[in-house]
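Have the picture open as you read.

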Amino acid sequence: MISAASRPYIDASVPVLREHGVAITTTFYRTMFAAHPELSNLFNMGNQATGAQQQSLASAVFAYAANIGDPSALAPVIERIVHKHVSIGIRAEHYPIVGRHLLGAIASTLGDAATPPLLAAWDEAYHALATLFIEAERAMYAKAGITPGQRRAMRVTEVTQESADVVSIRMSPEDGAPVATSKPGQYLSVQVDFADGHRQIRQYSLSDTTQPDSLRISVKREAAGAGTPAGEVSNWIHDNVRVGSVLQVSPPFGDFAPESESDEPVVLLSAGVGITPMIAALKRIAQVNPQRRVIFAHAARNAAHHAHQLDMAAAHKAMPHLQLITFYEEVSAHDCGVLPGWMDVARLPAWPRSEANVYMCGPLPFMQAQWLALVGAGVPVTRLHREVFGPDMLDHLL
């Protein structure tokens, strides 16, 4: 990926990046947005406010340096990032801007330690990675049949309140053309242009891919928390989107894809709004192979926060070998067949550990806990799959 002359400088950077990574990326974003404010439309400014974006990029740069000699380790991560970039509309001409400000941030943060040979090595490494991204994204744009940043107008045909804070939105192409091919687990990027002229783009997982003329996403209203702003786009969607609204969306992207077409038993685990891709997978399985053995376990705060209960009931009626397990942190006297507390792998039905893929989606602590419990229960790591994006996507490389 890089020359033998540059490799020692990249290797020597690893401990430096571990110590100064966030300082470098914080400087990078500040200087880049100052010089190119138009790029703020492509970034999640809520994540900028919390520092999540800075941490994510710092982890990515560190992981790249630490694994630069092992392309096979980086390939799955690069694949996931390419999907995200294409859904947002990243262009080839953005990469020189990013590279210039990233090298500038390294130089200003490290001071005298940023020697000319070290900066030259990082310039070479960055351009090698940028070339890889540009080529992969060009191919994905071509496959999707779109130009970078191209959206499609989708008219909302149905809005359903699925729980206290989740709505599902069904959309059909405004031009009447067929919907794009999609898989359970993929997402759409939704673009919102606000009254003051700024734009934000967010990704929302598909919650139904079974209809030939429409797609459905589910959106959780993100309230402000301690140190985190309210979700700008999710709240706008909840407050403004109605039947007849027109949304600008990307084609479906994303490489997290629960296997929905095979005959193998499958285990689908979710918590909170993480139920979204799992319910899409369950609906697709019910459509193409209702006899398949499926364990579908979901954890929610309580019944009021349990989205897609009607979808689960419909699947249960259609699928004789579907086992539904529900965990509530708060159980009332009206909740039938619900297990109290957090999801516990030991309380799930038994399944052949080496013969079933297990897919997980939910808050990070939920997925970390389930991953450890599943490995402890004898599930091969090769059978585990999770939907995660951000610094934790890289935890196996750090």
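## Helix 5 and its surroundings

Let's begin with helix 5, which covers residues 94-110. Its 17 residues reach 24 Å from first C-alpha to last, close to the 24 Å expected at 1.5 Å a residue; that expected span is 1.5 Å times one less than the number of residues. Helices here (H or I, at least four residues) and strands (E, at least two) are DSSP runs, numbered from the N terminus. What you're looking at is a predicted model, where local features need pLDDT of at least 70, side-chain atom pairs count only at pLDDT 80 or more, and totals for chains, interfaces and linings use all residues. Residues are numbered from 1 along each chain as its sequence is written, and side-chain values use heavy atoms, with hydrogens and water left out.

Which residues of helix 5 are buried? They are His94, Tyr95, Ile97, Gly99, His101, Leu102, Leu103, Ala105, Ile106 and Leu110. Buried means under 20% relative accessible area, while exposed is over 50% and partly exposed is in between, using a 1.4 Å probe and protein chains only. These buried residues pack against helix 1 (7-35), helix 4 (71-88) and helix 6 (116-144), with contact meaning heavy atoms within 4.5 Å. Just after helix 5 comes Gly111, with a positive phi of about 60°.

## Two nonpolar cores

A nonpolar core here is a set of buried Ala, Val, Leu, Ile, Met, Phe, Trp, Tyr and Cys residues joined through side-chain atoms within 4.5 Å. The largest one has 48 residues, and Ile10, Met32 and Trp122 touch the most other members. Helix 1, helix 3 (52-66), helix 4, helix 5 and helix 6 are the elements that give two or more residues to this core. Helix 6 provides the largest share, eleven residues.

Take a closer look at Met32: leaving aside neighbours within four places in sequence, Met32 is in contact with Leu39, Phe43, Ile97, Val98 and His101. There is also a second, separate core of 21 residues, which includes Val267, Leu269, Met367 and Leu374.

## The barrel

Next up is a closed barrel of six strands, running 1-2-5-4-3-6 with antiparallel pairing. Two strands count as paired if DSSP finds at least two bridges between them. From one strand to the next, the twist averages 50°. Angles run from 0 to 180 degrees between N-to-C directions, and axes are lines fitted to C-alpha atoms, for helices over the stretch in contact. Helix 7 (residues 232-240) packs on the sheet, touching strand 2 (166-173), strand 3 (187-193), strand 4, strand 5 and strand 6 (246-249), and its direction makes about 65° with that of strand 4.

Strand 4 is mostly covered, with eight of its ten residues buried. Seven bridges tie strand 3 to strand 4, and the two run antiparallel; Ser189 has Gln203 in strand 4 as its bridge partner. The hairpin of these strands has five residues between them, and there Gly197 takes a positive phi near 100°. On to strand 5 (residues 215-220): a hairpin of six residues joins strand 4 to strand 5, and two bridges link this antiparallel pair. Asp208 has Arg216 in strand 5 as its bridge partner.

Another six strands form an open sheet, ordered 10-9-8-7-11-12, and here the pairing is parallel. Why does one side of strand 10 (338-340) and of strand 12 (384-386) lack a neighbour in the sheet? Both stand at the edges with a single partner strand each, so one side is left without a neighbour. The twist averages 20° from one strand to the next.

Strand 7 (residues 266-271) and strand 11 (residues 357-361) run parallel, joined by five bridges, and Ser270 stands opposite Cys361 in strand 11. Helix 9 (residues 309-318) lies across strand 8 (294-300) and strand 9 (322-328), running at about 150° to strand 9.

## A stop at Gln368

Gln368 sits in helix 10 (residues 364-376). This residue counts as partly exposed because its relative accessibility is 36%. Gln368 and Arg386 are 18 residues apart along the chain, and their C-alpha atoms are separated by 9.6 Å.
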